[in-house]
Amino acid sequence: QRVLHVDSRNYYGGNWASFSFSGLLSWIKENQQKTDLSDECEDWRKLILEDEEAIPLSSKDRTIQHVEDFCFGDQDSAEGVEEAGALPKLPVFAAAAAQGVSPGPEESPAAEGISLGSEESPAAEGVSPGPEKEDPAVESPGEEAQSPEPEQAPGTDPAGAGTAPGSGAAPGTAPGESPLEPAKAEPAPSENAAQEPKKITYSQIIREGRRFNIDLVSKLLYSRGLLIDLLIKSNVSRYAEFKNATRVLAFREGKVEQVPCSRADVFNSRQLTMVEKRMLMKFLTFCLDYEQHPEEYQEHESSTFAQFLQTRKLTPSLQHFILHSIAMVSEAESSTLQGLQATRKFLQCLGRYGNTPFLFPLYGQGEIPQCFCRLCAVFGGIYCLRHAVRCLVLDRASGRCKAIVDHFGQRISANYFIVEDSYLSESTCTNVCYKQISRAVLITDQSILNTDSEQQVSILTVPPLEPGRAAVCVIELCSSTMTCMKDTYLVHLTCPSTKTAREDLEPVVQKLFNLNTEKETENEELEKPRVLWAVYFNMRDSSGVEKSSYAGLPPNVYVCSGPDSALGNDCAVKQAETIFREMFPTEEFCPAPPNPEDIIYDEDEIEPEESGLNNSPETKPEASAEENSSGDEPSELKVLKYYS
């Protein structure tokens, strides 16, 4: 199937994207101004025939709200400082020409007839007008049909790593193609972690902005989760590298401490007494096969997991560790069964790649969508940025969507249409009730829990500080994840919204970090990491919305949601597979791609030498037997352990 991905934004990935520091500043400015992408004219309405009906799409992104950014570092004449190695921005008037887009005839039935895509898109190379054939699938504008994540984008040239959105380059960099090879990154500093952190100024952050890869959404990958299984099955894992989350932390009685996860961690822990160690191991062993012992929990099924833990004769510290750091479920809302399932999932993921259940992709979570889209692009997918879609064209007789009309007045026909929720108009979403996610991103000068190694990837769940609030998930990333500059840490905070993001998250930030400037810092605040820069924003959570909630959508138009508030990616994978099954019920979801030399071309098709496929680095055969291994310990998933 051929796929056309059309996106009105000037960067890849939508709300799944990641940015360099300067790119994030541009994104912040854009969302604070909220300029409406108004139509110069509505001539496209004249293209709708008598037997057709138009479903207008939104020209304004309403998924991001309440954006507030703060600088706490030394702003020592940062004005005029430029990002090292940044590419010059393209003039606004040349944006369309840079992609090779030219207004075509009134109707263009085939996606092959449009020369679209950015310079970094592998699919954009060698695309030329072809015969008039219907495109089986058009994505407008959020998700490619066979990708397990919405709003996914192709891999990019290393020069585009972290460039500002205006440059037209993807925000992430493909690991393995970057001049900064992750395997050759700077080694872990050996200095004593207790020494005074280096002074980082705002101008340094600006100058080293390309060292940052800041995700709009913060997630980790469960080592036995649906996404890892899909990466291995589809062989997409070849495009990414991962790092173990090195520790799980807990916040208790005003202090941050490390939680023992594995059997070895439990018995080596100095925090627990021998009695507590036996209690913990006994309970965790029960959780692994709790379904075999229903008599142990059946009478507590109507209780919360927190109440169930109190009946197990566990000490308060063990109850806290299990509830907030292992199961990571709500103290007031999660049932006993939900808590047991979450605990078992955590335990089953231990030991596959490290002592914690989690992996993090180098260069940020924004790399994962690009990995899937790169594979799609290699096999013919086309990606077009800065290319708005005005409406869906509905055939009155059949009730199905037959085409889209873009901002050039071109019609593109297809059999299926996948639309990201943010592009639907207010009239279509009248009956939809959205949730919100509160997000904060901090740049700090030291870790929230200093140890001998500075290169730690940590996850911390902070319990609600007051009734009615949600627990806050904190993920701290070090420089070896290729998401921040040396001597800094990138901290992501996420929780379901009850108020604005700043109101939800600032109390937690104040508990964990020092928000004062260096001159205002009091003695008791000296031990806390100092926040150098911070941004807060609310993001729409459209997961869980049923298609029937949207008004007037044809049956062959599918809606994909943006990111959800969960730690893992299971929701996105399930949603992508559900949409794919409805479109192609007899096809396999994300099968392993064939090696290029195994592809048999029909006589009337372009020969591989002419199509340029053989010149693409993504299509080179993997000679290693590891790549085709389907064992339980898949070595094709490249997990870097140099800094653990």
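How many helices and strands does the protein chain have? Then zoom in on strand 17, please: which way do S458, L460 and V462 point, and which way do I459 and T461?

Author: Before anything else, keep in mind that this is a predicted model. The protein chain has 13 helices and 22 strands. It runs to 644 residues, and buried residues make up 56% of them. If you take the contacts between residues at a separation of 6 or more, 76% come from residues 24 or more positions apart.

Now to your strand. S458, L460 and V462 point one way from strand 17, while I459 and T461 point the other way. That is a pattern you will know: in a regular strand the side chains alternate between the two faces of the sheet. Are these residues buried or exposed? Whichever way they point, all of them are buried.

Next, the neighbours. Strands of a sheet pair through backbone hydrogen bonds, either parallel or antiparallel. Strand 17, residues 458-462, does one of each. With strand 18 (residues 472-477) the two run antiparallel, joined by five bridges. You can find two of the pairings by eye: S458 has E476 as its bridge partner in strand 18, and V462 has V472 there. Then there is strand 9 (residues 247-252), which runs parallel to strand 17 and is joined to it by four bridges. Look for V248, which stands opposite I459 of strand 17.

Eight strands make it up, and it is an open one, with the order 4-20-16-19-18-17-9-10. The pairing is mixed. At the edges are strand 4 (64-71) and strand 10 (255-258), each of which pairs on one side only. Direction ignored, neighbouring strands of the sheet are turned by 20 degrees against each other on average.

Over by strand 4, have a look at helix 1, residues 21-33. It lies across strand 4, strand 16 (435-444) and strand 20 (531-541). Against strand 4, helix 1 runs at about 130 degrees.

On the helix 8 side, I322, S325 and I326 do the meeting, and on the helix 9 side A342, T343 and F346. Sorted by class, that contact has four nonpolar residues, two polar ones and no charged ones.

Last, the charged pairs. The structure holds 21 salt bridges. One of them links R9 with D7, with the closest N and O atoms 3.8 Å apart. Both partners are buried: R9 has a relative accessible area of 9%, and D7 one of 3%.

Another salt bridge is between the side chains of R396 and E53, at 3.9 Å from N to O. R396 is in the loop between strand 13 (389-395) and strand 14 (401-406), and E53 is in strand 3 (residues 52-56), so this pair ties together parts that are 343 residues apart in sequence. E53 is partly exposed, at 35% relative accessible area.

R211 and E208 make one more salt bridge, their closest N and O atoms being 3.5 Å apart. R211 counts as partly exposed at 38% relative accessibility, and E208 also counts as partly exposed, at 29%.

Methods
Residues numbered from 1 in each chain as written. Predicted model: local features only at pLDDT ≥ 70, side-chain atom pairs only at ≥ 80, totals over all residues. Heavy atoms only, no water. Contact = heavy atoms within 4.5 Å. Nonpolar A, V, L, I, M, F, W, Y, C, P; charged D, E, K, R; others polar. Pairing = 2+ DSSP bridges. Axes fitted to C-alpha atoms, helices over the stretch in contact; angles between N-to-C directions. Salt bridge = Lys/Arg side-chain N within 4 Å of Asp/Glu carboxyl O. Buried < 20%, exposed > 50% of the residue type's maximum accessible area, 1.4 Å probe, protein only.
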